[in-house]
Amino acid sequence: MVDPQAVEQLVNRGLRNQWYPVLPSWALAGTPVGITRLSENLVLWRDDDGKVHATEDRCPHRGARLSLGWNLGDRLACWYHGVEVDGTGTVRKVPAVDNCPLEGRQCVKSYPVQEVRGAIFAYFGDEAHPEPCKLELPEELANPEYGAILCFTKWNCNYRYAVDNVMDPMHGAYLHAVSHSMAFGDKTANMQLRKTPTGLAFEKTTQRDVNFDWVEFGQSGATWLKLSIPYRASAGPGGNFGIVGFATPVDEEHCLVFFFRTRKCSGWVRDVWQFMYRVKLEGLHWAVLEQDRFVLENLAPEARAGEFLYQHDTGLARVRRMLQKQAEEQLAALAAHRARQAPAKASA
């Protein structure tokens, strides 16, 4: 029997054995950057070739933050005593003493990383799954025929509320009723769930491409959400406006949201769209996100415990159950892995 409190904590902090976007690419240059993601402290830096590395933000000598140190290109040097740690978490040099036993030892956890469409993704595995799974993103991010503009911000709420918010298409007709793209359509709707190869879709049955009318929840090495909203022709070419979103836990009370705004266009058409978006619509879309943020950050304490859900909440309720089941499976698999490892550790 898996401990229900352990399940709740794992879901609240973020499920393991998958990739999460942790930082926009523009936020990482030459200086090491310390971040907290999934309640873990990481340091990110770029080497001389521009490749991103990520390790635990801790010097194995005395526990100082490596993010406060120097980027030596292929390694970081701790500010406290100069201990040098590379991207695999291995101590390369201890300049203060000759023949230090720390040298050559992998003492710090490292994280697999990759950059996609202007975002840095990191893999968070548990003891039973240290090697990264394959990251397969939706077509709008994987296919170069689509243009993508990244919007990134921090919300002071648990990431699960951000997921719930996107899994609730009906709020668009109310919370965003004065939005340039969500001011139209019915305020009453019937909804249905539909299975997809990577998860599920939750959609209105009587209205399409009028408001926020459908959302897709997918898991393919990362957990993502996808939707589209109408887009006026006066704002540039390219058809409906797509959004692929990710919610990354910082800790149990804060999260980051990454929203890629997408359109299938290339060449000069893409240039026109991106210019028109920056000039005419970006501020309006930020206003919509601010409405979401304000509501979610001001929910009643322990809001989920006092809810009364109805038919429009079927999608978010199903996703909640999926995440809970996955947490139970991860904890059970981790316990079995540790049980298998125990005899070997005892005899060592």
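Student: Why is E115 counted as partly exposed?

Tutor: The model here is a predicted one, and in it E115 has a relative accessibility of 38%. Buried means under 20% and exposed means over 50%, so a value of 38% puts E115 in between, as partly exposed.

Student: What makes the pairing of R46 with E115 a salt bridge?

Tutor: The closest N and O atoms of R46 and E115 are 2.9 Å apart. The cut-off is 4 Å between a side-chain nitrogen of Lys or Arg and a carboxyl oxygen of Asp or Glu, and 2.9 Å lies within it, so the pair counts as a salt bridge. Side chains of opposite charge can pair when their charged atoms come close.

Student: How do you know whether R46 is buried or exposed?

Tutor: The relative accessibility of R46 is 15%, and since the limit for buried is under 20%, R46 counts as buried.

Student: Which other salt bridge links distant parts of the chain, and where are its two residues?

Tutor: The side chains of R304 and E8 meet in a salt bridge of 4.0 Å, N to O. R304 lies in the loop between α4 (267-297) and α5 (314-347), whereas E8 is in helix α1 (residues 4-13), and the two are 296 residues apart. E8 has a relative accessibility of 37% and therefore counts as partly exposed. The structure holds 24 salt bridges, the pairs named here being among them.

Student: Why are D86 and R92 placed in separate classes of accessibility, and what joins them?

Tutor: D86 has a relative accessible area of 10%, which is why it is called buried, while R92, at 36%, counts as partly exposed. The two form a salt bridge with the closest N and O atoms 3.6 Å apart. Salt bridges that share partners join D74, R75, E84, D86 and R92 into one network.

Student: What makes the link between E140 and K226 a polar contact?

Tutor: The side chains of E140 and K226 are joined at 3.5 Å, and the cut-off for a polar contact is a pair of N or O atoms within 3.5 Å. E140 is found in helix α2 (residues 139-142), and at a relative accessible area of 13% it is buried, because buried means under 20%. Leaving aside neighbours within four places in sequence, E140 is in contact with R117, Y146, K226, V244 and T262.

Student: Where is α4 kinked, and which parts of the structure do its buried residues pack against?

Tutor: The kink in α4 is about 60° and is centred on L281. L281 is also one of the buried residues of α4, a list including W273, Y277, H285, V288 and L289. The buried residues of this helix pack against β11 (146-155), α3 (159-166), β15 (223-229), β16 (241-251) and β17 (254-264).

Student: How many residues does the largest nonpolar core have, and which have the most contacts inside it?

Tutor: The largest nonpolar core has 60 residues, and those with the most contacts inside it are V22, L44, F124, W155, M167 and F259. Its largest share, six residues, comes from α4. Apart from it lies another core, of 16 residues, among them F121, W224, F258 and F260. In soluble globular proteins, nonpolar side chains tend to be buried together.

Student: What makes V257 count as buried, and which residues does it touch?

Tutor: V257 has a relative accessible area of 2%, and since buried means under 20%, it is buried. V257 has its place in strand β17 and, not counting residues up to four places away in sequence, touches C151, F152, T153, W155, A162 and F246. V257 and V163 are 94 residues apart in sequence and 9.5 Å apart in space, C-alpha to C-alpha.

Student: How do you know that the chain as a whole agrees with a compact globule?

Tutor: With 348 residues, a compact globule would have a radius of gyration near 20 Å, and the chain has 22 Å, which agrees. The C-alpha trace spans about 75 × 55 × 35 Å along its principal axes. The chain has five helices and 17 strands, and 51% of its 348 residues count as buried.

Conventions: Residues numbered from 1 in each chain as written. Predicted model: local features only at pLDDT ≥ 70, side-chain atom pairs only at ≥ 80, totals over all residues. Heavy atoms only, no water. Helix = DSSP H or I, 4+ residues; strand = E, 2+ residues; numbered from the N terminus. Buried < 20%, exposed > 50% of the residue type's maximum accessible area, 1.4 Å probe, protein only. Polar contact = N/O pair within 3.5 Å; in protein donor to acceptor, adjacent residues only side chain to side chain. Contact = heavy atoms within 4.5 Å. Bend = angle between axes of the 7 residues up to and from the residue. Core = buried A, V, L, I, M, F, W, Y, C linked by side-chain atoms within 4.5 Å. Rg over C-alpha atoms; globule rule 2.2 N^0.38 Å.
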